[in-house]
Amino acid sequence: MTVVSPALRQYLIITGNYWAFTLTDGALRMLVVLYFNDLGYSALSIAMLFLFYEFFGVVTNLVGGWLGARIGLNRTMNIGLGVQIISLAMLLVPAAWLTVPWVMLAQAMSGIAKDLNKMSAKSAVKTLVSGADAQGRLYRYVALLTGSKNTLKGVGFFLGGALLTLLGFEGAVMVMTLALLVVWQMSLILLRQDLGKAKNKPKFRDIFSKSRPVNILSAARLCLFASRDVWFVVAVPVYLSSYLGWDNWLVGSFLASWVIAYGIVQALAPMLTGAVKGSAENIPGRTAAVGWVALLMALPAMIALTLQSGGDPHWWLLGGLWLFGAVFAVNSSLHSFLIVHYASEDGVSLDVGFYYMANAAGRLLGTVLSGLLYQQYGLNACLWFSSGLLLLTFIISFALPEK
């Protein structure tokens, strides 16, 4: 009979919490986009609803990484779950109270909660694996965690569209609040052992990484995620709804399917990048990062060119989106492994928190640009800007260490 170590048991509980949280996070994102689009809000106004969500993600990852190293990842996880419950409860108010500032505040709380959860889950995996010969296993662990999270986020998108159709906005939020409340109570009981605490209490000034590889990868990650969200967050769902005439159920189902497939490819990234064995020689580095982003860089430009020349968006946009998602998933999973690989063993959440601060900054930039560019210039402008951001990612990635 296999005995599960206390650290592994705690990590599995954290992962389960992260999965439950991700379902509500994905559903809430879809609920807000579709509900306020139905109310007649512009693309830029919808993007602004997520402004504080992304901004506080930047702050939370910096402070949360330091906090996790001081008090333990189990506590930061439970704090994140509690804050998400508060953010959902804030939306259970009369419809007249759902003004832009109020929803922005609720989304700010949700952004804090989400990044506390992500930082806790991603940092915890480092505590399970150490040593150069175990880095292949670490890559597979990170890829599985990241892929399963995004698959569940896609299920959350589907859930958000379905709940909005079946229960309305208030009913959907109520169901998610009650479900997450149960998960939080279980987590408070089960998630007790300290995980990820630094041996020496880090000072607040230590929130900024001193590692060159971490700083370079963080800059690449910022541009990478801005390139996705500049067209995916607002422009694509609003385009599908307004230009192609899709209803909420169809938009939610399509985006859900896309994110589910994206998560599956992320989980398969070690096999796709050739890192299927556990030896250090098979671990990807600079060459893999540069090569995969070069492939990704061409796709938004190709989609924009075909749409400008009169291509049918049902074929070119939707088909291109599937291909972009697959290649982006490999890039994302590769980056997620590299940050855990580069992170210091002691107080791992400091480096991981700094990196996901850059990730959140990229999402913030992409979200704002998605609404602004789409409203002013249309979908093609978002696509061209995406390729430009990927060119920056490509250039920055050359500075990564080869091994």
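**The α11–α12 contact**

A: On the α11 side, Ala-288, Ala-289, Trp-292, Val-293, Leu-295, Leu-296, Leu-299, Pro-300, Ile-303, Thr-306 and Leu-307 make the contact. They meet Pro-313, Trp-316, Leu-317, Gly-320, Leu-321, Leu-323, Phe-324, Val-327, Phe-328, Val-330, Asn-331 and Leu-334 in α12. Contact here means heavy atoms within 4.5 Å. By class, this contact has 20 nonpolar, three polar and no charged residues. Ala, Val, Leu, Ile, Met, Phe, Trp, Tyr, Cys and Pro count as nonpolar; Asp, Glu, Lys and Arg as charged; the others, Gly among them, as polar.

The model is predicted; local features need pLDDT of at least 70, and side-chain atom pairs count only at pLDDT 80 or more, while totals for chains, interfaces and linings use all residues. Residues are numbered from 1 along each chain as its sequence is written, and side-chain values use heavy atoms, with hydrogens and water left out.

Now the geometry. Two packed helices are described by the angle between their axes and the distance between the axes. Helix α11 spans residues 286–308 and helix α12 residues 313–342. Both are DSSP runs (H or I, at least four residues), numbered from the N terminus. Their axes come within 9 Å and cross at roughly 165 degrees. Axes are lines fitted to C-alpha atoms over the stretch in contact, and angles run from 0 to 180 degrees between N-to-C directions. α11 and α12 are therefore roughly antiparallel (angles over 145 degrees). The crossing is left-handed: the near helix is turned anticlockwise from the far one by less than a right angle.

Confidence comes last. Mean pLDDT (the predictor's confidence in each residue, from 0 to 100) is 79 for the protein chain, and 81% of its residues reach 70 or more.

Notes: Helices (H or I, at least four residues) and strands (E, at least two) are DSSP runs, numbered from the N terminus. Angles under 35 degrees count as roughly parallel, over 145 as roughly antiparallel, 65 to 115 as roughly perpendicular and the rest as oblique.
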